[in-house]
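Please look at the sequence and the structure below, and then follow the explanation paragraph by paragraph.

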Amino acid sequence: MVRVPLTDEERDRGERLGQALRSARAGRSMVEVAGEAGISVETLRKIETGRIPTPAFFTVAAIADAVGLPLEELRAAVGSSPLSQAS
């Protein structure tokens, strides 16, 4: 199976996601947040830097929960998604 390359918009959205999560993490360490979210520090680092621009929903939800960021606020910070454009 061949993966379709990401669009510029998808890459940009991944960078905005990472910035929003990093900002919400504030002064907490990556180790602390990753542990609470149940993911590796390397995965958190890659998401925060945009190297994983389309992480799994449950991973994003776990990180958002760990940093106390409501998903609606995260969605607003990241911008529109294909689902919100369809309605």
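How many Å apart are the mean positions of the positive and negative charges of the protein chain? In this predicted model, the protein chain carries 11 positive and 12 negative charges, and their mean positions lie 5 Å apart.

With the charges placed, we can turn to the fold. The protein chain contains 6 helices and 0 strands, so that reading along the sequence gives the pattern α-α-α-α-α-α. The radius of gyration is 13 Å, close to the 12 Å that the globule rule gives for 87 residues, and the protein chain is therefore as compact as a globular protein of that length. Along its principal axes, the C-alpha trace spans about 35 × 30 × 20 Å.

The next step is to go from the surface to the interior. The protein chain exposes about 5600 Å², of which carbon and sulfur atoms supply 57%, while buried residues make up 32% of its 87 residues. In soluble globular proteins, nonpolar side chains tend to be buried together. Here the largest nonpolar core has 18 residues, and those that touch the most other members are L17, L21, L44, I63 and L74. Two or more residues of this core come from each of α1 (8-25), α2 (30-37), α3 (41-48), α4 (57-67) and α5 (71-78), with α4 giving the most, namely 5 residues.

When its neighbours within four places in sequence are left aside, L21 is in contact with I47, E48, I63, A64, L69 and L74.

Definitions and conventions:
Residues are numbered from 1 along each chain as its sequence is written. This is a predicted model: local features need pLDDT of at least 70, side-chain atom pairs count only at pLDDT 80 or more; totals for chains, interfaces and linings use all residues. Side-chain values use heavy atoms; hydrogens and water are left out. Helices (H or I, at least four residues) and strands (E, at least two) are DSSP runs, numbered from the N terminus. The radius of gyration is taken over C-alpha atoms; the globule rule is 2.2 Å times the number of residues to the power 0.38. Buried means under 20% relative accessible area, exposed over 50%, partly exposed in between (1.4 Å probe, protein chains only). Accessible areas come from the Shrake-Rupley method with a 1.4 Å probe; for residues, only the protein chains shown count as cover. Lys and Arg count as positive and Asp and Glu as negative; His and the chain ends are not counted. The place of a charge is taken as NZ of Lys, CZ of Arg, CG of Asp or CD of Glu. A nonpolar core is a set of buried Ala, Val, Leu, Ile, Met, Phe, Trp, Tyr and Cys residues joined through side-chain atoms within 4.5 Å. Contact means heavy atoms within 4.5 Å.
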